[in-house]
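Trainee: I have a chain to go through with you. Can we take it piece by piece?

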Amino acid sequence: MSDLTLFADTPTATAAQPPLSPTASVVHGAVIISAIETAWREIRRRFDGVPDISVTTPPTAGAQDPTKCTALRTGRRFVGDGHLNMELQVPSSTLGLGGRPMMEGLLHHAAHGLAFTRGIIDVSGGDRRWHNKKYGRLAHEVGLTPPARAAKVSGTGRCPCPTPKPTSGRR
């Protein structure tokens, strides 16, 4: 999955950067949402059964790690144009955290989408935060690396993208 590099070189936002004007923020946000939609189309092309998404940007207080289900949320599920769709909530506060975390978050939710389309229960618990072994297998299927052991709070939910192997420059 290391060749899904749409966001790979996106810099992480820092406090030292000057704030954008309101117009620039809207344009910048639209470009990022477009990039997310493009990345999702590529994910769907590569992994059969991942449903389409409708991206929404609900207001939040503070940036959150997009690899956690509490940051990018898979909301309503509905049928649109005869196809299953999921609402993917991408808080504006999360958008500036960088490409790698965003890509991991998208793949994380692609695994949830596969579970949904296949009728697999991949999370449990009252707050639906415990990601079970079935989720871990789906995460691996979309190119993430599930943990060797489940974490106490989230189970197998923390699944990073594999670290790309350095190239030697030789052919």
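Trainee: Is threonine 145 buried, partly exposed or exposed?
Mentor: This is a predicted model. Threonine 145 has a relative accessible area of 37%. Buried needs under 20% and exposed needs over 50%. Threonine 145 therefore counts as partly exposed.

Trainee: Which residues does threonine 145 touch, not counting those up to four places away in sequence?
Mentor: Start from its place, the segment after H3. Proline 162 is 17 residues away from threonine 145 in sequence, but 6.2 Å away in space, C-alpha to C-alpha. The residues that threonine 145 touches are Arg158, Cys159, Pro160, Cys161 and Pro162.

Trainee: How many disulfides does the count give?
Mentor: A disulfide is a covalent bond between the sulfur atoms of two cysteines. The rule asks for a pair of cysteine sulfur atoms within 2.5 Å. By this rule the number of disulfides is zero.

Trainee: Now histidine 108. Is histidine 108 buried or exposed?
Mentor: Histidine 108 lies in helix H2, residues 99–118. Its relative accessible area is 2%. Buried means under 20%, so histidine 108 is buried.

Trainee: Which side chain makes a polar contact with that of histidine 108?
Mentor: The cut-off for a pair of N or O atoms is within 3.5 Å. The contact in question is 3.3 Å. The partner of histidine 108 is histidine 131.

Trainee: At roughly what angle do H2 and H3 cross?
Mentor: H3 covers residues 133–141. The axes of H2 and H3 come within 8 Å. Their crossing is right-handed. The angle is roughly 115°.

Trainee: Which residues in H3 meet H2?
Mentor: H2 brings His108, Ala111, His112, Leu114, Ala115 and Arg118. By class, the contact holds six nonpolar, two polar and two charged residues. On the H3 side, the residues are Tyr135, Leu138, Ala139 and Glu141.

Trainee: Step back to the chain. What pattern does it follow along the sequence?
Mentor: The chain has three helices and five strands. Their order is α-β-β-β-α-β-β-α.

Trainee: What share of the contacts with a separation of 6 or more comes from residues 24 or more positions apart?
Mentor: The chain has 171 residues, and 35% of them count as buried. For contacts with a separation of 6 or more, the share from residues 24 or more positions apart is 60%.

Technical notes
Residues numbered from 1 in each chain as written. Predicted model: local features only at pLDDT ≥ 70, side-chain atom pairs only at ≥ 80, totals over all residues. Heavy atoms only, no water. Helix = DSSP H or I, 4+ residues; strand = E, 2+ residues; numbered from the N terminus. Buried < 20%, exposed > 50% of the residue type's maximum accessible area, 1.4 Å probe, protein only. Polar contact = N/O pair within 3.5 Å; in protein donor to acceptor, adjacent residues only side chain to side chain. Axes fitted to C-alpha atoms, helices over the stretch in contact; angles between N-to-C directions. Left-handed = near helix turned anticlockwise from the far one by under 90°. Contact = heavy atoms within 4.5 Å. Nonpolar A, V, L, I, M, F, W, Y, C, P; charged D, E, K, R; others polar.
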